[in-house]
Amino acid sequence: MWQAFRNGSTCELYSGDPVTDDPQGSRSWGPERSVRARVLALLLLEGPPAQPGRVSALKLTGAYITDTLDLAGGTVKPFVELRDCRFEREVVLPESQFTTLRMVGCAIPRLEAARLHTEGDLHLSRCVVRAGIRLTDAHVGTDLLLNQTVTYKDRQGRSLMADGMTVAQDFQAEMMESYGEVSLRGATIGVSLSLRGSRLSNPYGRWALNAPQLTVERTLYLTSAGLAGSPYSAITGTTPQYGIAHTPTRGTRMHRFECEGGMRLDDGRFGDAVDFEQARVTMEGGQEMSLRRIQTPELRFLCERPEHGRVVLSGARVVNLVDKAASWPGLGGLYMAGFAYENLIPRGPFPLARRLEWVAAATPEYAPEPYEMLAASMRASGEDSDAREVLLAKQRRRRETLPLAGKAWGVLQDWTVAYGYRPGRAAVWMGILWAMGVLYFSLNPPRALQAGQAPQWNPYLYALDLLVPVIDLYQAAAWRPVGGSQWVAAIMILTGWVLATTVAAGASRLLRRQ
């Protein structure tokens, strides 16, 4: 191993039996494969110089590392790669500095690496960590890989603690299995964060994914994934050396993202999108899928419908909302007060009736904002008739909160002119009233106000003059109705004002749109 370090070659301690060489297997490894952690620390911190023309590096495979590997506060300059190794005790790396650190396919009791700093990659792919990973306030200079890693919770119930972590480029944790809380509070990812195909299980805790104030410069992927070469792989037809190229522990080539427990992404900032396509979120009654106040150009809410728990979008700001009708929970399972979006991009059929049910599910108690936001989005996309239907539905929901007299007046407005959102109906009512007025005043003509000076009697113009406000046809002022005719004339004048105002408002909206 010492000589391999000096010339940068790999020191292999495999037995040749795949069952025996499995770091997670039950077979013991003898002293011929044992390396003391103290020797590794001496080699990494104060190792011999490289041979002439070579670059020193620690490349160790199939080793059983005894005792605790403690490099806390140390500076490790050589390249480090530990592959298929088994650690007897935890790995302690807080406040240490590496150029590149790769631990691939290893069995680790616990990884303690708070404030770790790497200039290059940090790879922990296909490792099994029995008591959690701690990367609090760590800094990774390029990429962080946790593909197919299996990690279990520590005594605090967290399987991955990475609060305040900074990753300069991509953070890939595809097909990872976590049995505890994944905590990424205040973490910053320079490019994308991919949890494709991962399974986060913490059904008895509050959160399976706890990532408030998470910043991702590009896209957060919570979608399906598969092995290299499968239709769900990130790069089809390739076999990455440190990525997903082995059969995962769940034994299939394609996995959807699964979250068993609550999810919190409150106050997150995402530069391109948040993608939930084909995701499955399983929650108990008191748990939440919380997206409060997130900001992203695109939210792809294309997951399976959560059967329990709540989806909370209060205060979120998105430009494009890509969704499908089957993804949203029903009444009592959706909250989106103050949720703002500009464009609706439905994936598959999403008729207006279902969209109104979506808004109603988010407002167990009447609130005008979701209806107004939906109407504004539809109007911006040129769907003016649908926008009017949304505003009409808003008035009908509002009517339910009014006292009895207000409800009665609302029903009358709805039945006659649909609260003014169907001006054609008002024009029809004006025509009907005009015809009824013509018939009545033909049978009951009024007296002239001044005999000999009144124009020729015309019941058509007289009824029209009563019904249409503002315009004077010189009929109503020349005749004096008495008795019942006086009441009929008054009703026609008042009704004409209401209906004409409704028609004028509808025409005004049409002219503004044109």
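Leu291 sits in the loop between β39 (288–290) and β40 (295–301), where strands (E, at least two residues) and helices (H or I, at least four) are DSSP runs numbered from the N terminus. With a relative accessible area of 0%, Leu291 is buried, a term that means under 20% relative accessible area, with exposed meaning over 50% and partly exposed in between (1.4 Å probe, protein chains only). The model is predicted, so that local features need pLDDT of at least 70 and side-chain atom pairs count only at pLDDT 80 or more, while totals for chains, interfaces and linings use all residues. Residues are numbered from 1 along each chain as its sequence is written, and side-chain values use heavy atoms, with hydrogens and water left out.

Leaving aside neighbours within four places in sequence, Leu291 is in contact (heavy atoms within 4.5 Å) with Leu265, Asp266, Phe276, Val312, Leu313 and Ala316. Met263 is 28 residues from Leu291 in sequence, and their C-alpha atoms are 8.4 Å apart in space.

## Nonpolar cores

A nonpolar core is here a set of buried Ala, Val, Leu, Ile, Met, Phe, Trp, Tyr and Cys residues joined through side-chain atoms within 4.5 Å. The largest such core has 107 residues, of which Leu135, Phe171 and Phe276 touch the most other members. A second, separate core of 15 residues has among its members Ala426, Trp479, Met492 and Leu499.

## Loops around Thr136

Thr136 lies in the loop between β17 (133–134) and β18 (139–140), and at 14% relative accessibility Thr136 counts as buried. Its contacts beyond four places in sequence are Ala114, Arg115, Met161, Ala162 and Asp163. The C-alpha atom of Thr136 is separated by 76 Å from that of Ile491, which lies 355 residues away along the chain.

Asp137 is placed in the loop between β17 and β18 and is partly exposed, with a relative accessible area of 43%. Arg115, in the loop between β13 (111–112) and β14 (117–118), counts as partly exposed at 39%. Most residues other than glycine have a negative phi. Arg115, however, has a positive phi of about 60°, and the phi of Asp137 is likewise positive, near 60°.

## Helix α3

In helix α3 (residues 352–362), the buried residues are Leu352, Arg355, Leu356, Trp358, Val359, Ala361 and Ala362. These buried residues pack against β42 (317–323), β43 (334–335) and β44 (343–346), and also against α4 (368–380) and α5 (384–399).

## Overall form

The secondary structure of the protein comes to 9 helices and 46 strands. Its radius of gyration, taken over C-alpha atoms, is 36 Å, well over the 24 Å that the globule rule (2.2 Å times the number of residues to the power 0.38) gives for 514 residues, so the protein is more spread out than a compact globule. Along its principal axes, the C-alpha trace spans about 130 × 45 × 40 Å.

Of the 514 residues, 49% count as buried, and among contacts between residues at least 6 apart in sequence, 51% join residues at least 24 apart.
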